[in-house]
Amino acid sequence: AGAIASSFGLMNLFARSIGGGLSDWASRKFGMRGRLWNLWALLFLEGMMCIGMGQLNKSLAGTITFMILFSLFVQASEGATYGVVPFTSARCMGIIAGFVGAGGNAGASVNLAIWFRSSKYETYDGITYMGILIVCVSMLTFTLHFPPWGSMLFGPTKGVTEKDYFLRE
């Protein structure tokens, strides 16, 4: 049981790097648009694995499999998120990285409070709802736009250079 439970944390050893590596690969191929699509896909799959885990409450093997996959996508999403952080602000990168790290912990705390603090929801329902919330929040990636590099759906803002972008801070 301990080995199974520790598998979630052990994903930190490689899955976060996978997410960062995928972000870099997507950037080489498609620029910022690639980074953002990669981030969205990993977040979306994270949510779907969580939903799957919640739906398999009658199968221990299925639940464990989806827990491991969920963990893989959680950590890969974190790596992909940190692939976008350097483009937010050169002057405040440390602060933003801190907010990103704290935001993950805050999101986990909010989910814990909403779905698992009371007996209002069965655990498997809470896990399913948490997955639905993750999928919904992943859609916010579509709203990210970096003027010199663009967004998931739109190209860069005309006339804005990388130098202009960072000098405006």
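Trainee: In this predicted model, does Trp40 count as buried or exposed?

Mentor: The relative accessibility of Trp40 is 17%. The cut-off for burial is under 20%. Trp40 therefore counts as buried.

Trainee: Which accessibility class applies to Phe142?

Mentor: Phe142 has a relative accessible area of 29%. Buried requires under 20% and exposed requires over 50%, with one class in between. Phe142 is therefore partly exposed.

Trainee: What kind of aromatic pair do Trp40 and Phe142 form?

Mentor: The structure holds 12 aromatic pairs. In the pair of Trp40 and Phe142, the ring centres lie 5.7 Å apart and the planes meet at 65°. Planes over 60 degrees apart fall into one named class, so the pair of Trp40 and Phe142 is edge-to-face.

Trainee: How many residues apart in the chain are Trp40 and Phe142?

Mentor: Trp40 belongs to helix H3, whereas Phe142 sits in the loop between H6 and strand E1 (145–146). The pair thus links distant parts of the chain, and its separation is 102 residues.

Trainee: Which element gives the most residues to the largest nonpolar core?

Mentor: This core has 26 residues, and Leu36, Cys50, Phe70, Met130, Phe146, Trp149 and Tyr165 are the members that touch the most others. Two or more residues come from each of H3, H4, H6 and helix H7 (162–167). With 9 residues, the element that gives the most is H3.

Trainee: Which residues join Phe87 and Trp149 in one aromatic cluster?

Mentor: Leaving aside residues up to four places away in sequence, Trp149 touches Met32, Phe87, Pro156, Glu162, Tyr165 and Phe166.

Trainee: Which helix supplies the largest share of the lining of the largest pocket?

Mentor: This pocket holds about 1100 Å³ of space and is lined by 33 residues, with Leu43, Thr81, Gly103, Gly104 and Val137 nearest its centre. The lining divides into 18 nonpolar, 12 polar and 3 charged residues. The largest share, 9 residues, comes from H5.

Trainee: How far apart in space are Asn38 and Ala80, C-alpha to C-alpha?

Mentor: Asn38 lies in helix H3 and is buried, with a relative accessible area of 11%. Beyond residues up to four places away in sequence, Asn38 touches Gly19, Leu22, Ser23, Ala26 and Ala80. Asn38 and Ala80 are 42 residues apart in sequence, and their C-alpha to C-alpha distance is 7.2 Å.

Key
Residues are numbered from 1 along each chain as its sequence is written. This is a predicted model: local features need pLDDT of at least 70, side-chain atom pairs count only at pLDDT 80 or more; totals for chains, interfaces and linings use all residues. Side-chain values use heavy atoms; hydrogens and water are left out. On a 1 Å grid over the protein atoms alone, a cavity is a set of points where a 1.4 Å probe fits but cannot get out, and a pocket is an open set with protein on both sides within 12 Å along at least five of seven lines; lining residues have an atom within 4 Å of a point. Grid points are joined across faces, edges and corners, and a volume is the space filled by probe spheres set on the points. Helices (H or I, at least four residues) and strands (E, at least two) are DSSP runs, numbered from the N terminus. Ala, Val, Leu, Ile, Met, Phe, Trp, Tyr, Cys and Pro count as nonpolar, Asp, Glu, Lys and Arg as charged, and the others, Gly among them, as polar. Rings of Phe, Tyr and Trp (its six-membered ring) pair if their centres lie within 6.5 Å; planes under 30 degrees apart count as stacked, over 60 as edge-to-face and the rest as tilted. Buried means under 20% relative accessible area, exposed over 50%, partly exposed in between (1.4 Å probe, protein chains only). A nonpolar core is a set of buried Ala, Val, Leu, Ile, Met, Phe, Trp, Tyr and Cys residues joined through side-chain atoms within 4.5 Å. Contact means heavy atoms within 4.5 Å.
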